[in-house]
Amino acid sequence: MNPRVNLAGVVILAGTALAGFFGFPEDAHAVYPSEGILASTNLLASEGASAIASFTANVSALPAGTGLRVSFSRDGSKWYSSTGAALGWDTLAQGTNVIDLSARGWSGGGFYYKMEFTSDGSDTPILDDISFAFTPAFDGVYQTYSTGGTLTSTNLLSGETASLITGFSYEASAIPAGTSLSARFSQDCITWVSSTGAALGWNTLAQGTNDIDLSALSWTGANLYYQMTFASDESDTPILDSVNVAFGGIPDVSFQSGSLAVSEADGTVTLSLTLTESSPLQISVPYTISGASTATLDSDYGVITGSPLIFAPGETSTGIILNLTDDTLGEGSETIILTLGDPTNATLGSTGTLTLTLTSDDTPEVSFQSGSLALSETSGSATITLTLSGSSARSVTIPFSVSGTATGTGADFTIITPSPLILEAGETSTGVILQLIDDASIEDGETIILTLGSPTNAAAGGTGSITISLTSDDVAAVSSSSSSQAAQGGGGGFRGSPSQMAARIAQARVTIFARFEGTKRESERLANEQKEADEPAKELLAREQEEEREEQAAKQREDLMAERIAARKAELARIEQVKKEYEAKYALRREERYARALMLEEQRFAENQAALLKEQEELAQEQEANRQRREERLAEQEQRDYAQLLAEWEEVRREEQAAKEREARIAQRIQEREAQIAQSRKEQEELQKKYALHREERFARALEEEQKRAAEAETALLAEQEALQAELEANALRRKEQLAKREAREQEALKTAAPTLSTDPKIIAARRGKLFALVGDDPVIFKDVSLDEWYAPYVSYVIEEKIATGYEDEAGKPKGEFGVENSITYAEVLKMAMQASDQAFDLRGLAPPRNLSAKGTWAASYIAKAEGLQLSVFAPSLDVNKPATRGAVIQTLLEVLGIPTGAKTPSSFSDVPINHPYAPAIVIATTYGLVTGDLDASGKPLGTFRPDDPINRAEVAKIIALTKELLK
């Protein structure tokens, strides 16, 4: 902004002064009767004028008997003729009428005209267009003035935002003797200060180009105004050529890049943030790490520079430093997603999120344990073990091929576990199971060659193939330690060393997975066959999946609300207990604290009373000073002419507004004081009532606080209960509606798309990726058992072996829920153990159990049998309907299945002491590999078992499946 201003009142712009032209306002073109008055809108609404010169009206027709005249105004309320006559008019003639308005000396941002016309009813005048000429005002001037006065600028930072306003520069080409020029500054046009912060102070300007330092004001934001005041001896005036403001902008902060890939072996990585420009202020930038990140804090990385990051004044770059963990765990690329929050003294740039990809340098190798092995065809079955060189966080797929001179497909051998083999995350060994055929043929030795292909998520190790020498029992048998060990490992029962038992457990696991693999592949085959046929039903399937997700989310919301309600109830109980403790602790007794509290209240009352009197005196003084100033201004206004009043009107209005605001603030403080005094009186009265029985102050205060917390907790509890009830009702209604919609859709699908949407439960289960099984004669889709979950093979096993069937409805029909996440009761685990046992338990004709919790229930005969067998867990006092503990489950399974536990032996788990009642059973189960204890996120043992915690049905299914297979 570089205007040149002559402070005597002449505005000079570079070049020729431009005139503004306005057509007849669109909203003024109204239909009107034969006579009336039309008033315009503000023709300077988006402009500013230093002088309004003239008004032009083109009248093309003014018939006899009609009239047209015009009046003018600056504010739309006070109207004048061109000569200044109040409520006067200028009569228009036919043709072009140019009305000179320069004598009015009007300037600023307001100009209105009012047109009145008359008609004899036979005809009307026609006004074609109007325009007016004016000299635009330069940026920064509201008004013009004569030989002395004050100029207030517009906002110099309009459209900008400053992090710090540092200076104000000006060029004064002339400040003659006898004249002066001063400036002061404001951010709200109300409070004015000098550059040093002095209230109502001024900076005296000197001739030439000069800078005024404003940094001491520490002003930021989007507002800066200046006022100029000048004095003149009326023979000459100062000339201000230009003004300017210096400020630091608000920089943008962002990541240098939105993505970055590094290796976990790099040690540390710095994620750079930059500013678009330096700032004189300190900038703080918070950041968060997204929960969608796949890398794990403390396991995969650590944070060295936490949130928020700080840019010191002048700095334009900094960084987030992460410490990367170079582990030995085979894992894929993982991500860390960082997102910047709202910075202080800066704005967020375009790159507010960075995705850091961590690549692993650890790829485990898979190989056979040896390159050769000798077996006899009488060995029955053998497991050819493969191992990983290290643990993997991902599942490993291992393809293999079979060759050699022996004939497969049931002639010399059968592959029980087809290619590819799958190692789940955390597992380090698996095996190819061979079923050897003991035929009567006399034949020479034959070979079976297994060769590994390219594994997924692993690399091929040194031993990529194994040659198995197969000898016939009809010729001289070839013996080896390997064949002996394999034969020993193929039998049933519980014989052999712990290492042999662990090997047999591993083989049992492989058998279970191989058995499930067939079920899973059959499901995938059915799903693939139906893929094209199901194409028209995709929308229906998507809806079913969405409804299932909604159902899960609803259940999670209900569970969360139930947890919150339980927490609220626990908090209420705690508060009630605390209240009772307070009441017992602070019995009635006389205390001097009451007197001291009353004295403090009286002292506060006196202080507030004194402050009130002082505020009232200040208000009276302010009102008197304002009255005197108003009288002085009134006297001065009477001596000034109308033009001076117009020039000073804006200043007077601001001063009046400021005075009213000061009065309002003082009145507000008085109200606050009066309120404080009233409150003090109230508190004194409450103290007198409260301590009438001389209760101890601490009791009263503590009890009041506890009652408040109890009320809040009760209110929150009611809100939670209402929310839960509303959620339950909404969910029930939604489920009912969804069921009706689903039934309607399925009926419609059966009518219109019967050839494309199979209703076979087995195909529906395959399509949804859920476990299908026959429970008795009933086909069942287990909706809570996805085929991709870790527990699916074990659940499938116990269902196929008729060890468990899942939940049933009131009619005894399967509900399609196994309850994998639900805890298992003592009665349920006993039934499953008896079902898994090779021993047939006769439950007929048993006397009622001594255990009261089992009497009259489905579990009565099972508990009576357990009491007859003297199973250690099932004491008469046990509530068999409660969740069973992990230790009790292991003890029950081993006792029922006939696995001896032996004497007490120290456990490797820190939370299983030697004197724990189930310690021997836990030690045996751990030794055999039936249980492993707790693992961390990377699959490493934590050294704990939690023997007294509940266990869910999925975990029990795994233990029973392994033990059942071991019994074979």
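Are helix 8 and helix 13 parallel, perpendicular or oblique to each other? In this predicted model, the axes of helix 8 and helix 13 come within 8 Å and cross at roughly 60°. Angles from 65 to 115 degrees would count as roughly perpendicular and those under 35 degrees as roughly parallel, and helix 8 and helix 13 are therefore oblique to each other. The crossing in which helix 8 passes helix 13 is left-handed. On the side of helix 8 the contact is made by Tyr 794, Val 795, Tyr 797 and Val 798, while helix 13 brings Ala 957, Lys 958, Ile 960, Ala 961, Leu 962, Lys 964 and Glu 965 to it. Sorted by class, the residues of this contact are eight nonpolar and three charged, with no polar residue.

Lys 964 forms a salt bridge with Asp 838, and the closest N and O atoms of the two are 3.5 Å apart. Asp 838 lies in the loop between helix 9 and helix 10 (860-869), whereas Lys 964 belongs to helix 13 (residues 953-967), so the pair ties together parts that are 126 residues apart in sequence. The two partners can also be placed by their accessibility: Asp 838 is exposed, with a relative accessible area of 58%, and Lys 964, at 11% relative accessibility, counts as buried.

The structure has 11 salt bridges by the rule applied here, and a further two of them involve the loop that leads from helix 8 to helix 9. Lys 813 pairs with Asp 778, with 3.7 Å between the closest N and O atoms. Because Lys 813 lies in the loop between helix 8 (792-800) and helix 9 (826-836) and Asp 778 in strand 40 (residues 778-786), this pair ties together parts that are 35 residues apart in sequence. Lys 813 is partly exposed, at a relative accessible area of 44%, and Asp 778 is likewise counted as partly exposed, at 25%.

After helix 7 comes Gly 769, and the phi of Gly 769 is positive, near 70°.

A last stop is Leu 205, which is found in the loop between strand 13 (203-204) and strand 14 (208-213). Is Leu 205 buried or exposed? Leu 205 has a relative accessible area of 5% and is therefore buried, given that buried means under 20%. Leaving aside residues up to four places away in sequence, Leu 205 touches Tyr 170, Ile 175, Leu 181, Ser 182, Ala 183, Ile 212 and Met 228. From C-alpha to C-alpha, Leu 205 and Glu 171 are 9.3 Å apart in space, although 34 residues separate them in sequence.

Methods
Residues are numbered from 1 along each chain as its sequence is written. This is a predicted model: local features need pLDDT of at least 70, side-chain atom pairs count only at pLDDT 80 or more; totals for chains, interfaces and linings use all residues. Side-chain values use heavy atoms; hydrogens and water are left out. A salt bridge is a side-chain nitrogen of Lys or Arg within 4 Å of a carboxyl oxygen of Asp or Glu. Helices (H or I, at least four residues) and strands (E, at least two) are DSSP runs, numbered from the N terminus. Buried means under 20% relative accessible area, exposed over 50%, partly exposed in between (1.4 Å probe, protein chains only). Axes are lines fitted to C-alpha atoms, for helices over the stretch in contact, and angles run from 0 to 180 degrees between N-to-C directions. Angles under 35 degrees count as roughly parallel, over 145 as roughly antiparallel, 65 to 115 as roughly perpendicular and the rest as oblique. A crossing is left-handed if the near helix is turned anticlockwise from the far one by less than a right angle, and right-handed if clockwise. Contact means heavy atoms within 4.5 Å. Ala, Val, Leu, Ile, Met, Phe, Trp, Tyr, Cys and Pro count as nonpolar, Asp, Glu, Lys and Arg as charged, and the others, Gly among them, as polar.
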